[in-house]
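Dear colleague,

I am passing on the structure below, and I would be glad if you could look through it alongside the notes that follow.

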Amino acid sequence: MKRYLTYVTLFLLIVGTILALWECFVRQYPTSYQYKAQWMDSHAPGVSTLILGGSHTYYGVMPSLMGDSVFNLANVTQHSEIDDWLLSHYIDRCTNLKTVIVPVDVTNTFDSPLEKSVEWYRGTYYKLYMGCDLFDNNLKYYCEISCLPAFNRKFLAAVQGLCGGDTSLECDSTGFGTGFATPSHFDENMMIVSAKTAEHRSTADSANVAYNSQHLMHIASMCHDRGIRLVIVTTPMWDGYTSRISKASLETVHGIVNQCVKKYGAVYMDHMNDTRFQGTDFYDCDHLSRQGAEKFTRILKEQLAR
């Protein structure tokens with residue numbers, strides 16, 4: 001029996017060591033989360049405009065076209081509670097902050113909390129690489145290997161990097177997401193399929209509206225109390241998608257935004273149905289391509305200057 005326990009213990013030690021080394025190896029692979037945390041820690045006092053939000057602003061607003069003191073702190077599937085935490089974490093270090101840009105649309109208005117979403121594992125990245133304390137109550141957020149599919153994708157990318165593959169970040173030096181290039185041609189069939197897939201976003205999880213609204217209002221309150229202009233944007237989306245959004249869902253979004261405008265003096269820039277965006281301006285039904293992001297950023301810059 002003693003020998004059996006010794007073998008079991010030795011086996012567990014070997015497996016544990018392999019898993020620990022595997023985890024350490026994967027953590028060396030660069031991510032936008034690590035980069036943005038390090039960048040903000042070093043440059044926060046010089047930021048005048050900070051961009052928050054999920055993939056719509058991550059891939060849709062290019063700081064390089066707006067000025068030297070603009071940074072994109074958005075990321076894929078960055079839910080409202082993360083935006084709230086990030087701004088709370090950095091706002092008092094951003095001593096020259098004048099403007100905060102945050103997206104509001106039918107996606108993030110109805111989003112469930114990140115912990116309850118299919119991409120819950122991104123909470124691990126915020127915890128490990130950005131110091132986010134929203135997930136301290138669950139051990140699975142302390143190691144990337146807790147979500148094997150996401151871990152394996154990152155592991156394969158790290159291995160490819162060792163073999164001479166691309167190890168560049170999925171964002172540029174200003175935080176803008178570089179993963180969405182302009183499609184070679186506009187495929188309307190692809191867009192229709194994409195729109196049908198995304199359509200449920202505007203109706204699902206209506207119980208989460210109050211949750212997300214609460215975080216937006218806290219962001220607005222922080223900005224208001226410090227004399228910082230809050231700009232709420234809705235990025236351009238393909239009309240084949242927006243036509244499928246229910247009137248009730250749009251009224252919910254606009255009601256929340258109007259409340260924020262009236263109570264905290266936020267500015268709302270609604271480009272959801274902007275007819276200047278067509279075809280290859282879109283990567284898919286509700287995300288801009290790089291070409292579209294360049295166009296949208298120039299329009300946004302002009303509006304901000306008024």
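**Cysteines, core and strands**

Searching the whole structure turns up zero disulfides, a disulfide being a pair of cysteine sulfur atoms within 2.5 Å. This is a predicted model, in which local features need pLDDT of at least 70 and side-chain atom pairs count only at pLDDT 80 or more, while totals for chains, interfaces and linings use all residues. Residues are numbered from 1 along each chain as its sequence is written, and side-chain values use heavy atoms, with hydrogens and water left out.

The closest cysteine sulfur to that of Cys-94 belongs to Cys-223 and is 11 Å away, which is too far for a bond. Cys-147 is likewise in no disulfide, the nearest cysteine sulfur, in Cys-143, being 11 Å away. Cys-147 counts as buried because its relative accessibility is 11% (buried means under 20% relative accessible area, exposed over 50%, partly exposed in between, with a 1.4 Å probe and protein chains only).

The largest nonpolar core has 73 residues, of which Met-40, Leu-50, Leu-73, Leu-87 and Leu-230 touch the most other members; such a core is a set of buried Ala, Val, Leu, Ile, Met, Phe, Trp, Tyr and Cys residues joined through side-chain atoms within 4.5 Å.

In strand 3 (residues 99-103), five of the five residues are buried, strands being DSSP runs (E, at least two residues) numbered from the N terminus. Strand 3 runs parallel to strand 4 (residues 229-234), to which five bridges join it, and Pro-103 has Val-233 as its bridge partner there.

With best wishes

Note on methods:
Helix = DSSP H or I, 4+ residues; strand = E, 2+ residues; numbered from the N terminus. Pairing = 2+ DSSP bridges.
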